[in-house]
Amino acid sequence: MACAQQSATKYLSNTRRDLVTCMKNLPLIIENLYQKKVFNDYEVDALKAEKTEFDKARCILDWVINKGDEASYELLKILDHIRKRTLDPGNAASLGREGWQRDRLHVLL
């Protein structure tokens, strides 16, 4: 994922296609983003209104990317922390090999 030379926003933009298809347990991701004040009540309601999981994942990623590095960093931390419940196991391993690791998170912001 993101490293010192790559912002969290840039990483999410570069891996968006893979993340849209492998993110799972979206209510948990949305709730965590709400608790971290990345999303407000209106945004949470709008996500709940999306018809498909794909559309929800797409909106989550697009909105977080548009909010910038701090929001993108929060999503990456959430995905890392709850990886087994939020990422498809087949794709989670390959995403982790792209360079983003917990010990590098502190250099993103």
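A nonpolar core, as used in this note, is a set of buried Ala, Val, Leu, Ile, Met, Phe, Trp, Tyr and Cys residues joined through side-chain atoms within 4.5 Å. Buried means under 20% relative accessible area, exposed means over 50%, and partly exposed is in between, with a 1.4 Å probe and protein chains only.

1. **What you are looking at.** This is a predicted model, in which local features need pLDDT of at least 70 and side-chain atom pairs count only at pLDDT 80 or more, while totals for chains, interfaces and linings use all residues. Residues are numbered from 1 along each chain as its sequence is written, and side-chain values use heavy atoms, with hydrogens and water left out.

2. **The overall fold.** The chain has seven helices and zero strands, so the order from the N terminus reads α-α-α-α-α-α-α. Helices (H or I, at least four residues) and strands (E, at least two) are DSSP runs, numbered from the N terminus. Of the 109 residues, 45% count as buried. Contact here means heavy atoms within 4.5 Å; among contacts between residues at least 6 apart in sequence, 72% join residues at least 24 apart. The accessible surface comes to about 6,200 Å², and 47% of that belongs to carbon and sulfur atoms. These areas come from the Shrake-Rupley method with a 1.4 Å probe, and for residues only the protein chains shown count as cover.

3. Nonpolar side chains tend to be buried together in soluble globular proteins. In this model the largest nonpolar core has 28 residues, and Leu12, Met23, Leu33, Ile60, Val64 and Leu75 touch the most other members. Helices α1, α2 (26–35), α3 (41–49), α4 (53–67) and α5 (69–81) each supply at least two residues of this core.

4. **Leucine 33 as a way in.** Leucine 33 counts as buried, at 0% relative accessibility. Leaving aside residues up to four places away in sequence, leucine 33 touches Val38, Phe39, Ile60, Val64, Leu75 and Ile78. Leucine 33 and isoleucine 60 are 27 residues apart along the chain, and their C-alpha atoms are separated by 9.3 Å.

5. **Helix α1 is kinked.** Helix α1 covers residues 8–22, and its 15 residues place the end C-alpha atoms only 18 Å apart, short of the 21 Å that a straight helix would reach at 1.5 Å a residue. The expected span is 1.5 Å times one less than the number of residues. A kink of about 70° is centred on arginine 16; the bend at a residue is the angle between axes fitted to the seven residues ending there and the seven starting there. The buried residues of α1 include Leu12, Thr15 and Leu19.

6. **Helix α5 keeps to its expected span.** With 13 residues, α5 reaches 18 Å from its first C-alpha to its last, close to the 18 Å expected at 1.5 Å a residue. Its buried residues include Glu74 and Asp80 as well as Leu75 and Ile78. Serine 72, also in helix α5, is buried with a relative accessible area of 0%. Beyond residues up to four places away in sequence, serine 72 touches Ala8, Thr9, Leu12, Val64 and Ile65.

7. **One aromatic pair.** A search of the whole structure finds one aromatic pair. The rings of phenylalanine 39 and tryptophan 63 have centres 5.9 Å apart and planes at 85°, so the pair is edge-to-face. Rings of Phe, Tyr and Trp (its six-membered ring) pair if their centres lie within 6.5 Å; planes under 30 degrees apart count as stacked, over 60 as edge-to-face and the rest as tilted. Phenylalanine 39 lies in the loop between α2 and α3 and tryptophan 63 in helix α4, so the pair ties together parts that are 24 residues apart in sequence. Phenylalanine 39 is buried at 2% relative accessible area, whereas tryptophan 63 is partly exposed at 25%. Tryptophan 63 also touches Glu43, Ala46 and Leu47, again not counting residues up to four places away in sequence.

8. **Two positive phi values to check by eye.** Most residues other than glycine have a negative phi. Asparagine 25, in the loop between α1 and α2, has a positive phi of about 55° and is partly exposed, with a relative accessible area of 36%. Lysine 37, in the loop between α2 and α3, has a phi near 65° and is exposed, with a relative accessible area of 73%.
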